[in-house]
Amino acid sequence: DPEPAVDAMAATKLGHQGTHPNVVFLIGGPGAGKGTCSAKICEEFAYQHLSVGDLLRDEISKPGSEFGSQVAGLLKEGKLVPADIVLKLMEKAMRATGWQGQHFVIDGFPRSFSNIQAWDRVMAHRVNVHGYLFFDCPEELMEARMVELGKVSGRIDDTVHAIRKRIQTFYSESMPVVQYLERDGLLHRIDAKAPAEKVWMAARKVLAGFGAPLRKANILGMKQNQAKQMALDGTLKLLAYAPAPGAEPQKDENPWTSTYASTFKQKPYQRFGSAGPVVVVQPTTHSPRQWQQTHGISLQPQRPSLLSGSLRLAGGNMLTPR
């Protein structure tokens, strides 16, 4: 196929970050390690994984499938499935897991220039493409890995004949795409013959450069680890809250100035203990709105967040932290 006249699949054109799904493509021959790395990516980053090969095999096994028999014949011969069929299955899977603002890592696409042209025609205006990772693996190693996998997978395209045809198709159809994307600076080459952990670390670095979102559990763990390390380094002092001794409010003080004062009948003093001397921070007046910087610390009162349509309670200006 001739090279596309437009930018490859609109990569780097991210004009609709909030409303359109975001995609990273993994390219590589059979046995290059795309699926193994995809599992690692989805563990750490907030991505949904879609494998083009798995989508096609699922279509074959589906009763009454529209494309099942056609796809099965092509896979047995190690040939590429028409791009229009692939894109229909891909979009259906993406919408099933969430479309707006979702993040996907898709392995096994694009496999030819016709794939790129079909994507630009059908999907480019609806999806943000962040970039491409190419898993560069020697032919002999790919074949050896796939032969071992074929002994247990039972897949129709994992016979020795089909594996060799798939590898040949990859070099004839997909490598020109790899060279085209790399020439335009859109593709990141990963050494896929390295041990799995090194392959993952290289891919992880690229994804971090894309601004890939971490999973929430990983964000919390990362912040906890950073805080622990800072405490060990002496660059962080952990503060412990201890309430100040009670004190009766003045007679002219509005009892609803703050829920803290009205509940505990004391001036809203805040006391913090640290590894060094105890630092006591107190306002210049009894109102939590009027704070001054004391001993290099400035605390500002914060209004609690209110959901739309919720009632605004009296004394809504609460002291934080409490």
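Reader: Are Phe25 and Tyr132 buried or exposed?

Author: Buried means under 20% relative accessible area, exposed over 50%, and partly exposed in between, with a 1.4 Å probe and protein chains only. Here Phe25 is buried, and Tyr132 is too. For Phe25 the relative accessibility is 0%. This is a predicted model, where local features need pLDDT of at least 70 and side-chain atom pairs 80 or more, while totals for chains, interfaces and linings use all residues. Residues are numbered from 1 along each chain as its sequence is written, and side-chain values use heavy atoms, leaving out hydrogens and water.

Reader: Thanks! How are the rings of Phe25 and Tyr132 placed?

Author: A pair of aromatic rings is described by the distance of the centres and the angle of the planes. Rings of Phe, Tyr and Trp (its six-membered ring) pair if their centres lie within 6.5 Å; planes under 30 degrees apart count as stacked, over 60 as edge-to-face and the rest as tilted. The centres of Phe25 and Tyr132 are 5.7 Å apart with planes at 20°, so this pair is stacked. Phe25 belongs to strand S1 and Tyr132 to strand S4 (residues 128-136), so the pair ties together parts 107 residues apart in sequence. Strands are DSSP runs of E, at least two residues, and helices runs of H or I, at least four, numbered from the N terminus.

Reader: How many aromatic pairs does the structure hold?

Author: There are nine. One of them, Phe25 with Phe109, is tilted, at 5.8 Å centre to centre and 40° between the planes.
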